[in-house]
Amino acid sequence: MTDFAGSDFLSEFWHYYIAALTVIGIVFSLWLLKSQTTQKLAEGEQAEVMAPTWDGDLQELNNPLPRWWMWMFYALIVFGIVYLVLYPGFGKYAGTLGWSSYQEWKDDKDAVDAEFEKVMAPFKSQDLMAVAADPKAREMGQNLFMTYCSQCHGSGGQGGKGFPNLADNLWLFGGTPDDVKSSIANGRVGEMPGGMAGDERGAREVANYVLSLGGKPHDAALAAAGKEKYAACAGCHGEDGKGMNAAGFPNLVDDAWQYGGSVEAITESIVKGRKGGMPAQLEALGEAKVHLLSAYVWGLGGGVKPAAPAPVEAASAEAAAPAAN
Ligand code: HEC
Ligand code: HEC
């Protein structure tokens, strides 16, 4: 993806094909011009009337082209040849100036990136909580979020089916600044195998047991039948259903559901399995943008403070009260 200075042609053939077409085009234009300018009217000869007469008296004659017109065409051909010497266009020949659209785009991008780095400089060395407390940084983070993240997580980070809500203070993969930054920089892939509770009925029983663990409305008879089958789940989601944030095993007893918390949705999760994919961003966006985005997302729903709390302003300290999971 880096060296576009060379040719984009897939085979030599296209280079020769384009070059030949170009040469033929130029030679043909020269020949046409010449053929139209060399014939002169002999002394006393009348120009021939070429076509029917239009609009009463409009006639087409075969007079030679005016000189200035002809020279303009020659000048254009010279311009074309000079252009093809300087710039890419003649097959795979790159031109003496070495210009390329890729290089131009890259120079522009480098300039914008350098500008961004300058604006970012003061935030880079600050920890995420300090960045999250800065209104200007939050605004920049929000703009980045709209560009890179909203298509999956929604414009306010509220998520949707299969895409976690980032605006609450419940986290699938942990809510400390480091957890959030790691989710964004490295991506997250949670995979839950399907079919572990047997058929649809078995899954429905376990789903009711899961709801009972969370103290939510459920069918007691089905839940009792599902209790034993839940043993297959406990390894990942825990005996108590609280999951394990750090490993990406979601809490099943809070109110945060990635795929929905109704009996139907939970049953579907169990029958089919689930595989969410959060694409890693570090390589695509760079450290500076990931840092800003992490601060923005961490502050969105009130992130979890790290074990040894650093001083935060009152408002976010309140929002960052220990999360349920
Ligand atoms: C292609 C869709 C998609 C895009 C784009 C995307 N995400 Fe995600 N994101 C997901 C999915 C799906 C998950 C849940 C992963 C899982 O279930 O394993 C997730 C998880 C997360 C988490 C962890 C949430 C938690 O509860 O622990 C964070 C933080 C996050 N995304 C932030 C972002 C940010 C910031 C961006 C923009 C740079 C972004 N995401 C872009 C789909 C996406
Ligand atoms: C190997 C570990 C593992 C086992 C075993 C497992 N799960 Fe999961 N489960 C996961 C992971 C990881 C996810 C998150 C998937 C994602 O991010 O897309 C998940 C997601 C879920 C969800 C969706 C949660 C939501 O927020 O919508 C439910 C419900 C669920 N599991 C229930 C169960 C039940 C019930 C069992 C036992 C029959 C079970 N799981 C067994 C790892 C596991």
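This is a predicted model: local features need pLDDT of at least 70, side-chain atom pairs count only at pLDDT 80 or more; totals for chains, interfaces and linings use all residues.
1. Helix pair, geometry. Helix α3, spanning residues 101-124, packs against helix α12, spanning residues 282-300, at an angle of about 55°, and their axes are 10 Å apart. The crossing in which α3 passes α12 is left-handed.

2. Helix pair, contact residues. On the α3 side the contact is formed by Phe116, Glu117, Met120, Phe123 and Lys124; on the α12 side they meet Glu287, Ala288, Lys289, His291 and Leu292. By class, this contact of α3 with α12 comprises 5 nonpolar, 1 polar and 4 charged residues.

3. Ligand 1, shell. There are 25 residues around ligand 1, of which Cys149, Cys152, His153, Leu172 and Met278 come nearest. At least two residues of this shell are supplied by each of α6 (150-153), α7 (177-186), β1, β2 and α12. By class, the shell around ligand 1 holds 15 nonpolar, 9 polar and 1 charged residues.

4. An N or O atom in the side chain of glutamine 258 is 2.8 Å from an oxygen atom of ligand 1. Backbone atoms also take part: an N or O atom of the glycine 190 backbone lies 2.7 Å from an oxygen atom of the ligand, and one of the glycine 276 backbone lies 3.4 Å from an oxygen atom of ligand 1.

5. Ligand 2, shell. Around ligand 2 there are 25 residues, with Met192, Cys233, Cys236, His237 and Tyr259 coming nearest. The elements β1 (188-192), α8 (200-213), α10 (231-237), α11 (263-272) and β2 (274-278) each contribute at least two residues to the shell. The largest share, 4 residues, comes from α10. By class, the shell around ligand 2 has 15 nonpolar, 7 polar and 3 charged residues.

6. The side chain of histidine 237 has an N or O atom 2.8 Å from a nitrogen atom of ligand 2. For tyrosine 259, a side-chain N or O atom is 2.4 Å from an oxygen atom of ligand 2. A backbone N or O atom of glycine 276 lies 2.7 Å from an oxygen atom of ligand 2.

Methods. Residues are numbered from 1 along each chain as its sequence is written. Chains are lettered from A and ligands numbered from 1 in the order in which they are written. Side-chain values use heavy atoms; hydrogens and water are left out. Axes are lines fitted to C-alpha atoms, for helices over the stretch in contact, and angles run from 0 to 180 degrees between N-to-C directions. A crossing is left-handed if the near helix is turned anticlockwise from the far one by less than a right angle, and right-handed if clockwise. Contact means heavy atoms within 4.5 Å. Ala, Val, Leu, Ile, Met, Phe, Trp, Tyr, Cys and Pro count as nonpolar, Asp, Glu, Lys and Arg as charged, and the others, Gly among them, as polar. A residue is near a molecule or strand if one of its heavy atoms lies within 4 Å of it. A polar contact is a pair of N or O atoms within 3.5 Å; within protein, one must be able to donate a hydrogen and the other to accept it, and residues adjacent in sequence count only if both atoms are side-chain atoms.
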